[in-house]
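Me: Could you walk me through this model, starting with how its helices pack?

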Amino acid sequence: MGLRFNLLAQRAADKGYGIKVNQHHPERYDLYALSDHSHDHSVYDISFEALLEELREIETE
């Protein structure tokens with residue numbers, strides 16, 4: 001998943017978010033704000049599908 005993850009991380013970074021593999025559950029992810037947002041989409045310990053959905057929501061703002 002290396003390249004796919006890097007592309008998703010770039011999409012998130014373009015919108016002011018970071019992505020990392022969850023420390024306690026390596027099959028899950030954390031999405032966190034890199035800067036202040038009017039609506040913060042930061043979520044922790046989410047599935048890959050939920051991560052994609054959050055990124056879609058961020059991109060529509």
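Me: How are H1 and H2 oriented to each other, parallel or antiparallel?

Reply: This is a predicted model, where local features need pLDDT of at least 70, side-chain atom pairs count only at pLDDT 80 or more, and totals for chains, interfaces and linings use all residues. Residues are numbered from 1 along each chain as its sequence is written, and side-chain values use heavy atoms, leaving out hydrogens and water. The axes of H1 (residues 2-14) and H2 (residues 48-59) come within 10 Å and cross at roughly 30°. Angles under 35 degrees count as roughly parallel, so H1 and H2 are roughly parallel.

Me: Which residues of H2 does H1 meet?

Reply: Contact here means heavy atoms within 4.5 Å. From H1, the residues involved are Arg4, Leu8, Arg11 and Ala12. By class, the contact has five nonpolar, no polar and three charged residues. The partners in H2 are Phe48, Leu52, Leu55 and Glu59.

Me: Which residue in S3 stands opposite tyrosine 29?

Reply: Strand S2 (residues 29-33) pairs with S1 (residues 17-21) in the antiparallel sense over five bridges, and there tyrosine 29 faces valine 21. S2 also pairs with S3 (residues 43-46), again antiparallel, over two bridges; pairing takes at least two bridges found by DSSP. In S3, the residue opposite tyrosine 29 is isoleucine 46.

Me: What is the relative accessible area of aspartate 45?

Reply: Aspartate 45 lies in strand S3, and its phi is near 60°, a positive value in a residue other than glycine. Aspartate 45 is partly exposed, a class between buried (under 20% relative accessible area) and exposed (over 50%), with a 1.4 Å probe and protein chains only. The value for aspartate 45 is 29%.

Conventions. Axes are lines fitted to C-alpha atoms, for helices over the stretch in contact, and angles run from 0 to 180 degrees between N-to-C directions. Helices (H or I, at least four residues) and strands (E, at least two) are DSSP runs, numbered from the N terminus. Angles under 35 degrees count as roughly parallel, over 145 as roughly antiparallel, 65 to 115 as roughly perpendicular and the rest as oblique. Ala, Val, Leu, Ile, Met, Phe, Trp, Tyr, Cys and Pro count as nonpolar, Asp, Glu, Lys and Arg as charged, and the others, Gly among them, as polar.
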